[in-house]
Amino acid sequence: MPTNFPDYVDVDYEDGTGESPAEYPHIHDKIEKAIEVTRQGLEQYENPAVMWTGGKDSTLVLYFVIEVAERYDLEVPPTVFIDHFQHFDQIHDFVEEWADEWDLEVIYARNEDVGAYVDEHGLEPGDEVPIEELDEHNRHHVENILEYDEETFPFLLDTYVGNHLLKTVALNDAIEAYEIDGIVSGVRWDEQDARADETFFSPRHDPDIYPPHDRVQPILQFDEAAVWEAFWDFVVPDTVPEFPDEGYVPESKADLPNDLEPEDTPVSPKYWEGFRSLGSEISTEKTEDDPAWLQDLEGTTERAGRAQDKEDLMERLRDLGYM
């Protein structure tokens, strides 16, 4: 692995080693670190981008990026939205609305080859896609990188091949096409065991696996509760003029102050409906009827509504470039 990637980048790849959210006990400690990492990310990389899923973590990161860019007179980089063809429609609408509100450039990363085959043959999620119908680029990933030896794979996001082709390949292709050298993402230490050893600046330099780049991860130190605390005390008050400056935690869609509606806030609509983690429309279910931030965040699993077959493959997928 290159020890100096690229020669203009000077970051500490060990920053955060051995740490956990416990090292950042107060919300202000977490925010201070997030601002520090975000500023370095915007200053150090020539072509950074922000990974934006429309979920709470990446939207919180985007908030920090916008705030830091304004404070230090830096450019707001483009965002990358992985369109894996199985999103809730509301997620697309949310991203488009707030990209317009915040004047953001959105790069839509898609595996166009798989998408074209699915459209041409009218496939539904779960239908089989013949490997031989893929282009050379995708066949290489399936046969040589994944070493998958079946003749077909299911058109499903939450499977090994489906996740890799629809998300990882799409992301890596966008990184290469736009020459992105640092991608700012909303990974958190507490979210999954596979992410517990991540550092604030995480190198992805092996050209045999992905286009060499760094992952900049400003909210590693947040847990789920802290993310929501940041939203209702900082993100929403700072971005919605009618919202109380001192913050407010709504208990339902009807409990917003000053005649505001949920769509007036940069909070993805699925969280209001009881979802705590946003995956594919096919395999993600809400965990309760209460909004996400009112649920038992300490005593229950955040990703309980996600398909577990993909969760069990997370470490292998991350080795191939998954977020």
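Phe85 sits in the loop between β2 and α3 (89–101); helices (H or I, at least four residues) and strands (E, at least two) are DSSP runs, numbered from the N terminus. Phe85 is not a glycine, yet its phi is positive, at about 75°. With a relative accessibility of 31%, Phe85 counts as partly exposed, a label for values between buried (under 20% relative accessible area) and exposed (over 50%), found with a 1.4 Å probe and protein chains only. Keep in mind that this is a predicted model, where local features need pLDDT of at least 70, side-chain atom pairs count only at pLDDT 80 or more, and totals for chains, interfaces and linings use all residues. Residues are numbered from 1 along each chain as its sequence is written, and side-chain values use heavy atoms, leaving out hydrogens and water.

Now look at the loop between α2 and β2, where you will find Asp73. Asp73 also has a positive phi, near 55°, in a residue other than glycine. Its relative accessibility is 74%, so Asp73 counts as exposed.

Let's move on to the helices. Two packed helices are described by the angle between their axes and the distance between the axes. Here axes are lines fitted to C-alpha atoms, for helices over the stretch in contact, and angles run from 0 to 180 degrees between N-to-C directions. Helix α1 (residues 27–44) packs with α2 at an angle of about 70°, and their axes are 9 Å apart. The two helices α1 and α2 are therefore roughly perpendicular; angles of 65 to 115 degrees get that name, while those under 35 are roughly parallel, those over 145 roughly antiparallel and the rest oblique.

Rings of Phe, Tyr and Trp (its six-membered ring) pair if their centres lie within 6.5 Å; planes under 30 degrees apart count as stacked, over 60 as edge-to-face and the rest as tilted. By this rule the count comes to 15 aromatic pairs. In one of them, the ring centres of Phe81 and Tyr108 are 5.7 Å apart and the planes lie at 70°, so this pair is edge-to-face. Phe81 in strand β2 (residues 79–82) and Tyr108 in strand β3 (residues 106–109) are 27 residues apart, so to speak a link between distant parts of the chain. Phe81 is buried, with a relative accessible area of 0%, whereas Tyr108 is partly exposed at 29%.

Finally, visit His213 in strand β8 (residues 213–216). His213 counts as buried, with 0% relative accessibility. His213 and Pro203 are 10 residues apart in sequence and 6.5 Å apart in space, C-alpha to C-alpha.
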